[in-house]
Amino acid sequence: MSNSQWNDAEANKLPKTVAGLEEHKEIPKCTKRKRIVVVGLGMVGIAFIEKIMKLDVKRREYDIIVIGEEAHLAYNRVGLTSFFQHRLVENLYLNPKEWYSSMPEGSLNYHLNTLVTEILQDEKVVKTSAGDTVPYDVLVLATGSDAVLPKHTPGHDAKGVFVYRTIEDLQKLIEFADTKKGTTGLVVGGGLLGLEAAKAMMDLEDFGQVKLIERNRWVLSRQLDGDAGGMVVEQVRALGLDVLLSKRVGKILTDKDNYVSGVVFEDGEQMDCSCICFAIGIKARDELARKAGIKCADRGGGIVVNHDLCTSAPDIYAIGECASWENQTFGLIAPGIEMADVLAFNLTQAKAHAPRKFKRPDLSTKLKLLGVEVASFGDFFADRDGPKELSAKRHGGKKEGIIETRDRVKSLTDGPAPPPVKALTYKDPFRQVYKKFLFTMDGKYLLGGMMIGDTRDYVKLVPIVKNQKALEIPPSELIVGAQKGDDDGADLDDDTQICSCHNVLKGDVVKGVKDGTCKSIGDVKACTKAGTGCGGCMPLVQTIFNKTMSSMGQEVKNHLCPHFEYSRVDIYNIVYVKKLKEFADVMKECGKDPESTGCEACKPTIGSIIASLFNKHLLDDTRRGLQDTNDRFLANIQRNGTFSVIPRVSAGEITPEKLIIIGTVAKKYGLYTKITGGQRIDMFGAKKQDLVAIWTELVNGGMESGHAYAKSLRTVKSCVGTTWCRFGIGDSVGMAVRLEERYKSIRSPHKIKGGVSGCVRECAEAQNKDFGLIATENGYNIFVGGNGGAKPRHSELLAKDVPPDDVVPILDRYLSFYIRTADKLQRTARWIENMPGGINYLREVILQDKLGICADLERQMEELVGSFFCEWTEVIKNPARRAQFQQFANTTDNINDTIEPTEERGQQRPSYWPKESVKEDFRGTKWSSLSWQPIVKAELFKDVATGDSQAVKRGDTQLAVFKVRGKYYCTQQMCPHKRAFVLSDGLIGEDREKNKLWVSCPYHKRNYELGGADAGKCGNDDEVNIATFPVEEREDGWVYVKLPPVEELDGVLGTEKFKIKKSETKDPFDALDKKLKAAAMKGRKSLQVSHLEGGKGEKGVAAAILAGGERAAGGLDW
């Protein structure tokens, strides 16, 4: 067993961490520090030191002094047997000597070969055998235990009698054995330690024979039942160890010089031997505490501790084998390390998290003894002693403590009922394999078990027991495995619809690839139209394309779009290394055509990359043309061309004052309001020309952009945790607020959602988020890669029991790595699924720094976080940016309500879209006459590589005017697909080889050609087209468009003509509402009225409050 197994995983990195912090001067120098004195430098003592140093290194709240009785630094006592091979104490050290000296100056000092002789509680000092007096603020007793020597047995003090406990014990045994070559050595005790001692004495090769004496009928009786223990006996006997069972030593025989010559057993049998090693148990070392008046257990010994490991004395704690918790001490190392973890956590993290409690420890063990694999886990004697803990849920639903009368009578007549446990046993005498698993009576929960010979499933079974997780498989599958069924190897059938916009089936894509029609993802979009609507299906389409190509042995090219022969990751790295901050520079550096305008696929991706690296305002001239409509107007465009506004409400926590502000803004501008799934308030129906005014009122009230429109962090959802909830373990609101405030505005390949739950009840649904935290008693479990959407995915555990202080560095690395390496529009779920090695590889990169980039990932995130600004505020403060929110560039007149409003539940929403598109042949319209009309000033258009556009109004007709590389184009503003007046807000795309230029509708990505013989045609939907008009810039500074007379233009393209009426669609709830009305139940009321007789209802009370009559004449009475 390696020494590193017992190290804190971060302990070995501490010297490097400290060096880095000192280099950047991040270690506090002037903090007022408390002194922790640790008595005992054993495995538990050093575990506590490692953990508290790790948690305190950035805080520097404590200085530590550790006093060790032995002459050595902390060593691996569990691996003592290996000492017989190498004879070097240093090989057993848990940390090298340099580790201690690498800690921050003054933070860690140690004294070796020094016994603490006295504790003076009132003076808060300890005295040592060296005559020193050491003061403490916190005293931690980790004095361990002594090996038991049977002093009642005659001859126990003879020469040749040893115990197996310390390096010194082994050195004495080695020296003695060298003088007794060829004789018989005896080990008394067939437990874990006894078998280890027997192996050590056999490895010495000094004794002619080694025998093991065990008083029970089998060995390892504390871990195994008779069948399992008997199998171990068979195997160790086959290895040369003579095992004598049901034997007790009654007397040790000696010669005239008091050397061991033999033993007499209690049954009278006598045996010659020259050496005896006792391994019959341990006794807690509590004498120091008893002397100081600290409460100790009367039976079994040990320093009595509470759940927080405090003793009866103030500021004194006990951990490890010397501690008695609930009248029991623990001889295994794992419970001691758990105690060290709990105490270190509480001393450093309890200010931000509920204090941890030490609970019943897991006594599972997995060892290789004399070459035999042995494991026991969970409640492995539940069938013999009854289950230690069995909740009502795992008991099959019967409440604990409830015994029916019939059961009580039966127990009196027939004796006690057998434990409510069922055992499943497998025994293979040929392979020497034994497995026994214990379950609840219904087989739904695994309680524990034991294994001999084949222990490979140990790591899988222990968490199932610890987490008390209901089994999703029959119990037998844990032993014999699952029966293989038919496996077609495909997640989706060919007739599965993968694109709802164009009703594209999976089989359509597969057929196109296999028959050679589609050789790139662009071909798939052109041939099948998949992904040319809303674009939400593209990750799935890409996956199907990739898998089909791979199945044919074809190379899959993951190019961003036809303009780049690079993937999104490749372009990210080029932009990052060469510090490219403009689209034109990116196109010149790595585009196929250095002068290209790009397209609707590459522009948002490159805009996102530039934003995620340099975080400049999206509405600057050179960046505005890269943004989809949501980012272009810093709000989410809705069905009727209006926008929704969502201010940030970090973690869902909001004050009454901000609720009032949001309410008054919504009331003033007639906005429809709804609580979002991310615990925010969404205000719908904001007109483009009102956005800046709405933002001004919100920002003036202390709010800011919620980035609901962006491919960035949306929300970090939270439950109330310890803020209010009686079940809360962690402050989920506090943690969620900190995370949302940190990562807000960070642009990424796709949107990011987070969640923090304060306990395992998981009210924040953190396990279906891109990152989620669930508070545990030890800190937080961090989950990643979950999402809802078209293909929901449960998140996976990235890191377990992370202290609050360490959450941010891990998430910094994770999010930075995602931003660097994900494909375009790829959620974290698909990113991890497609990552070679999956979550295991991600753990290696993020937690173990496999690539050596963790420091760089953290630095990059720190720079991004430091560059934050509120995008709404920067628009409010900048006149040029404000001007972009005018509805029309040539007039201050506005056109509202292109969809007739529908009154519903006290609010207005736009009526439903008709199912059919407008299929008029606009591009083929025969106008009676056309004449040049000055429409808009040329100075409003920017000469930028991405192109520019403006919406203009003539009569009742809306037009879109575009400028690309000095040339103008004009089209109707309405996209016929959904009768949406939005084309001027679409992204401009280009294929220079085919001399094509198009605008992509921001709603569902219908691409309309702007010029040439096909001007007005839709490249991905033959059913729709648009009208185009000649346009030119003249010397007078105006842009002229050749148009028909106003009345004729309005007759074909007028807004009122294409306004969507409520009467065009049927209410989908008509039939349901009739059923519900017929089954109306007592107590139901309309949503706006009061249950109280004479109550004013929603509108009445709100009106009175706003008028000042509800809370006195002055309005609200605070």
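Predicted model: local features only at pLDDT ≥ 70, side-chain atom pairs only at ≥ 80, totals over all residues.
Strands of a sheet pair through backbone hydrogen bonds, and the pairing is either parallel or antiparallel. In the model, five strands form an open sheet with antiparallel pairing, and their order is 21-22-25-24-23. The edges of this sheet are strand 21 (365-369) and strand 23 (421-428); each has a single partner strand, so one side of each is left without a neighbour in the sheet. From one strand to the next, the twist averages 10°. Within the sheet, strand 22 (residues 372-378) and strand 25 (residues 446-452) run antiparallel and are joined by five bridges. Opposite V374 stands I452 in strand 25.

Strand 49 pairs with strand 50 (residues 1038-1043) in the antiparallel sense, over three bridges. E1032 has Y1040 of strand 50 opposite to it.

The loop between strand 38 (907-910) and strand 39 contains L930. L930 counts as partly exposed because its relative accessibility is 37%, and partly exposed residues lie between the limits of 20% for buried and 50% for exposed. With residues up to four places away in sequence not counted, L930 touches K1042, L1043 and P1044. Of these contacts, K1042 and L1043 fall within the residue range of strand 50, 1038-1043. The separation of L930 from Q908 was also computed: the two residues are 22 residues apart in sequence, and their C-alpha atoms are 41 Å apart in space.

A further antiparallel pair is made by strand 45 (residues 987-991) and strand 46 (residues 996-1000), with five bridges joining them. The bridge partner of E990 is L997 in strand 46. The two strands form a hairpin, and four residues lie between strand 45 and strand 46. In the turn, N995 has a positive phi of about 55°. Strand 45 is mostly covered, as four of its five residues are buried.

Packing between helices was examined as well. Two packed helices are described by the angle between their axes and the distance between the axes. Helix 17 (residues 568-578) packs with helix 19 (residues 602-614) at an angle of about 45°, and their axes are 10 Å apart. This angle makes helix 17 oblique to helix 19, and the crossing of the two helices is right-handed. On the side of helix 17, the contact is made by R568, I571, Y572, V575 and Y576. Helix 19 contributes T605, I606, I609, S612, L613 and F614. By class, the contact of helix 17 with helix 19 has eight nonpolar, two polar and one charged residues.

Technical notes
Residues numbered from 1 in each chain as written. Heavy atoms only, no water. Pairing = 2+ DSSP bridges. Axes fitted to C-alpha atoms, helices over the stretch in contact; angles between N-to-C directions. Parallel < 35°, antiparallel > 145°, perpendicular 65-115°, else oblique. Left-handed = near helix turned anticlockwise from the far one by under 90°. Contact = heavy atoms within 4.5 Å. Nonpolar A, V, L, I, M, F, W, Y, C, P; charged D, E, K, R; others polar. Buried < 20%, exposed > 50% of the residue type's maximum accessible area, 1.4 Å probe, protein only.
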